[in-house]
Amino acid sequence: MLRSLRLAARSAAPLLFLVLLAVVFTGCGTLSSSVRVESSVLATTASTPTESPTDVLLTQAPTGAEKAATDKSAEDDAAAMAQRAATEKLPDIPDVEEYDPWEPFNETMFEFNRKMDQWVLKPVAQVWNLIMPQPFQVLFANGFDNMGFAPRFINSLLQAKWGGAVREISRFLINSTLGIAGLFDPAKDYWGIEKSAEDFGQTLGRWGVGPGPYLVLPFLPPLTVRDGIGKGVDGVLDPLNWLIPYNIVQRIAVKAGEIINERALNIELFQGFEESVIDMYSAVRHAYLQRRERSVRE
């Protein structure tokens, strides 16, 4: 097992180095997605609607009985999503080849990321929950999301999705003004303007670039080589990197704050999921590759 892991890591080294360069030297602009990738992948697979941060802010706090019922329902939903992720394919797309030549390396990194979340990130997020009320966490999340409009807008243009580009610029102008620098989301709440979900990995896919091997790196969500390069380009487009262009310590501090805040808003991220899936690595890989294939085709 150890020998096969070493061989896999050695064969992966050139492409791993390329992807790491693309991601790290763009200001670590993709780290915030890593804290919720498994749940977002499974939620997309199950096609379940999600609440925006503003929806959470405007929702009345539940009573004790309501919260218990909600928690039980969430656990049931998580189990159902896990089962679907492991057994179902997304509709209206062909079966996707799960090209994973670096599987021993990827499984090790996947387990490392899970343990880091379990023993480091989640406890820090729990402390954050104690000192920062949830409504303020929601405001922070809205602000980060509003600042991330640039990659979505540019990739909508690059993919000739003019409606998505118009939505993004409209949302940014409305939320940056009426939404008080993006802390609120009146574009969605009052005008029903939903954000797009375009990134440069999708753009490359639309241009005919294949996904390449599946890849899991420490502190990052699941990727393909194409999506890793795409995330690096999106990092260049992140306005936070324009505002903090040189100081890597400041960049890491800002991103760490975003990651912790996001994890605090999803404190029970893996609740009930690990017990419901025998092979969590394969389930996440399958769901991720299916979701990415569908996003490129849409």
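Mentor: Begin with how the elements are named: helices and strands are DSSP runs, a helix having at least four residues and a strand at least two, and they are numbered from the N terminus. The model is predicted.

Trainee: What is the phi of A181 near?

Mentor: The general idea is that most residues other than glycine have a negative phi. Phi of A181 is near 60°, a positive value, and A181 is not a glycine. A160 also has a positive phi, of about 60°, without being a glycine. A160 is found in the loop between helix 7 and helix 8.

Trainee: Is A181 buried or exposed?

Mentor: Exposed means over 50% relative accessible area. A181 has 53%, so A181 is exposed. A160 has 44% relative accessibility and therefore counts as partly exposed.

Trainee: How far apart should the ends of helix 8 be?

Mentor: Helix 8 covers residues 162–177, which is 16 residues, and at 1.5 Å a residue these should span 22 Å. The C-alpha atoms at its ends are 23 Å apart, which agrees.

Trainee: Which residues of helix 8 are buried?

Mentor: An α-helix has 3.6 residues a turn, so residues three or four places apart point the same way. In helix 8 the buried residues are G164, A165, E168, R171, I174 and N175. They pack against helix 6 (134–147), helix 7 (149–158) and helix 9 (186–189).

Trainee: Which residues have the most contacts inside the largest nonpolar core?

Mentor: In soluble globular proteins, nonpolar side chains tend to be buried together. Here the largest nonpolar core has 17 residues, and F110, Y214, V216 and L217 have the most contacts inside it. Helix 5, strand 1 (214–215) and helix 14 (280–297) each give two or more residues to this core. Helix 14 gives the most, with 5 residues.

Trainee: How do I read a contact between residues separated along the chain? Take V96: which residues does V96 touch?

Mentor: V96 is in the loop between helix 4 (64–87) and helix 5 (103–131). V96 and H286 are 190 residues apart along the chain, yet their C-alpha atoms are separated by 8.4 Å. Leaving out residues up to four places away in sequence, V96 touches L289, Q290 and E293.

Trainee: Is V96 buried or exposed?

Mentor: Buried means under 20% relative accessible area. V96 has 16%, so V96 is buried.

Notes: Residues numbered from 1 in each chain as written. Predicted model: local features only at pLDDT ≥ 70, side-chain atom pairs only at ≥ 80, totals over all residues. Heavy atoms only, no water. Expected span 1.5 Å × (residues − 1). Buried < 20%, exposed > 50% of the residue type's maximum accessible area, 1.4 Å probe, protein only. Contact = heavy atoms within 4.5 Å. Core = buried A, V, L, I, M, F, W, Y, C linked by side-chain atoms within 4.5 Å.
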